[in-house]
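This report concerns aromatic pairing and nonpolar packing in a predicted model. Please consult the sequence and structure shown here alongside the text.

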Amino acid sequence: MAAALVDQPRNVLSCSEQRIQLERIIRTTELKEGDSWFLIDIRWFQQWKRCVGYYVSWDTASKGLESARSGPVDNSSLYKSPSMEHLKIGMIEELDYSLLPSDAWQLLLSWYGLCEGQLPIERKVILTGQYARHLKVEVYLTNVKLSLSTNQDHVIVKEFSKASKL
């Protein structure tokens, strides 16, 4: 999916309509092995929540104000460097980022777009745990170093999900 900078929101519903649509998806979507979920910067998402009145009954100052609308989704703070190749280590869910099911992410993307040069941060739901099995979104991928036996000075690092088949 190509990244795009959006000056004006595209096909944006009213704040209350946005809240209703996203709230329904988030409340009813459960983790299923192999499904895709997306990371979103917590600050951007909280600004959107304030605008639409999502779960924030005490902060009504900017609820529904068109001027409070968020710009394009900006996940740059989730990366180690401006090159946006690797996520910051040690991020905490709901402190640094939120996880959105695919349908909710697609709606936000259609309404607001994504900042120029950024790609969606898609992660898979995996089954984890040796004795007590449970589902979780695999935020951090496993780094694998690859090189030819004839040229071990040239190493390529690739990221793989634990759910990937090599």
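## Aromatic pair between strand 1 and helix 3

The rings of Phe-38 and Trp-105 are classed as stacked because their centres are 5.4 Å apart and their planes meet at 5 degrees, planes under 30 degrees apart being counted in that class. Phe-38 belongs to strand 1 (residues 36–41) and Trp-105 to helix 3 (residues 102–112), so this pair ties together parts that are 67 residues apart in sequence. Both residues, Phe-38 and Trp-105, are buried.

The pair formed by Phe-45 and Trp-48 is likewise stacked, with 5.7 Å from centre to centre and 0 degrees between the planes.

## Nonpolar cores

The largest nonpolar core holds 21 residues, of which Leu-22, Ile-40, Trp-48, Trp-105 and Leu-108 touch the most other members. At least two residues of this core come from each of helix 1 (15–28), strand 1, helix 2 and helix 3. The greatest contribution is that of helix 3, with 7 residues.

Leaving aside residues up to four places away in sequence, Leu-22 is in contact with Phe-45, Trp-48, Tyr-54, Ala-104, Leu-107, Leu-108 and Trp-111. Another core, of 12 residues, lies apart from the largest one; among its members are Tyr-79, Leu-99, Val-125 and Val-137.

Technical notes
Residues are numbered from 1 along each chain as its sequence is written. This is a predicted model: local features need pLDDT of at least 70, side-chain atom pairs count only at pLDDT 80 or more; totals for chains, interfaces and linings use all residues. Side-chain values use heavy atoms; hydrogens and water are left out. Rings of Phe, Tyr and Trp (its six-membered ring) pair if their centres lie within 6.5 Å; planes under 30 degrees apart count as stacked, over 60 as edge-to-face and the rest as tilted. Helices (H or I, at least four residues) and strands (E, at least two) are DSSP runs, numbered from the N terminus. Buried means under 20% relative accessible area, exposed over 50%, partly exposed in between (1.4 Å probe, protein chains only). A nonpolar core is a set of buried Ala, Val, Leu, Ile, Met, Phe, Trp, Tyr and Cys residues joined through side-chain atoms within 4.5 Å. Contact means heavy atoms within 4.5 Å.
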